[in-house]
Amino acid sequence: AGDFFEVVSLGPDKAGFFICDVAGQGVRSALIVSMLRGLIEKQMLVAGSPGDFLTGLNEGLKHLLAESGVEILATAVYGVVDLAKGEIQLSVAGHPNPVAVFEEGVRQLVPPGGVRGPALGQQRGVVYQSVTAPLEGLRRMICFSNGLQKATNAEGEEFGVSRIIGIVERGGPLPRVLEQLSKSVVKFTEGAGEFRNALCLLAWEVEK
């Protein structure tokens, strides 16, 4: 499968989190994942800036794809949590927007239009932007790949974001929430054949 995530330490009070969904399965997807993991290592000098991080990742991937003659779709979210500054930065490359748990409720984050860039490896010269928001009131964030949101049942209905939010709203320990998301989407697709979607979930929470 082409879904994977990375969590990187950027200091004692700072961490970066990355989730990526490479379209398709098999050898070609695995090759792209290998390319991306290598490129991530090269981008660590700018890992404190989500926009710069995705910009460099896109340029590197586009160059490697041009050399190999491969075309692929890879979506991603990269964010940086800074506890010392009490803020989070987020940049999106064609990926589903994360779901966040705030003190006042649960909702899907929808960054400004200019922050949401195209999928990685599609265009050269794309400058990805990032949005910064305070951590105050934010308790949890759940990132997920398309395999969760786009899974369909026998009637062709998508699992969708509303079901994801409903499960997250029930609360409980974070590992349990992720387990419920995985089990629920598999149950939802019963009757539509064997579940073949790749699932990738990455979540974190701010402890009081």
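**Briefing: helix packing and nonpolar cores**

Helix α4 is followed by G171, whose phi is positive, near 75°. This is a predicted model, in which local features need pLDDT of at least 70 and side-chain atom pairs count only at pLDDT 80 or more, while totals for chains, interfaces and linings use all residues. Residues are numbered from 1 along each chain as its sequence is written, and side-chain values use heavy atoms, with hydrogens and water left out. Helices (H or I, at least four residues) and strands (E, at least two) are DSSP runs, numbered from the N terminus.

**Helices α1 and α2**

- The axes of α1 (residues 27-42) and α2 (residues 50-68) come within 10 Å and cross at roughly 135°; axes are lines fitted to C-alpha atoms, for helices over the stretch in contact, and angles run from 0 to 180 degrees between N-to-C directions.
- The two helices α1 and α2 are therefore oblique to each other (angles under 35 degrees count as roughly parallel, over 145 as roughly antiparallel, 65 to 115 as roughly perpendicular and the rest as oblique).
- On the α1 side, I32, M35, L36, L39 and I40 meet F53, L57, G60, L61, L64, L65 and S68 of α2, contact meaning heavy atoms within 4.5 Å.
- By class, this contact of α1 with α2 has 10 nonpolar, 2 polar and no charged residues (Ala, Val, Leu, Ile, Met, Phe, Trp, Tyr, Cys and Pro count as nonpolar, Asp, Glu, Lys and Arg as charged, and the others, Gly among them, as polar).

**Nonpolar cores**

- A nonpolar core is a set of buried Ala, Val, Leu, Ile, Met, Phe, Trp, Tyr and Cys residues joined through side-chain atoms within 4.5 Å; buried means under 20% relative accessible area, exposed over 50%, partly exposed in between (1.4 Å probe, protein chains only).
- The largest nonpolar core has 27 residues, and F18, I32, L36, L54, L57, L61 and L120 have the most contacts inside it.
- At least two residues of this core come from each of β1 (3-11), β2 (14-22), α1, α2 and β3 (74-82).
- Helix α1 gives the most to this core, with 6 residues.
- Another core, of 18 residues, lies apart from it and includes V99, F144, L148 and I165.

**Helix α4**

- In α4 (residues 160-169), the buried residues are G160, V161, I164, I165, I167 and V168.
- These buried residues of α4 pack against β5 (99-102), β6 (105-108), β9 (138-144), α3 (146-149) and α5 (174-188).

**G191**

- The loop between α5 and β10 (201-205) holds G191.
- With a relative accessible area of 69%, G191 is exposed.
- N153 and G191 are 38 residues apart along the chain, and their C-alpha atoms are separated by 6.9 Å.
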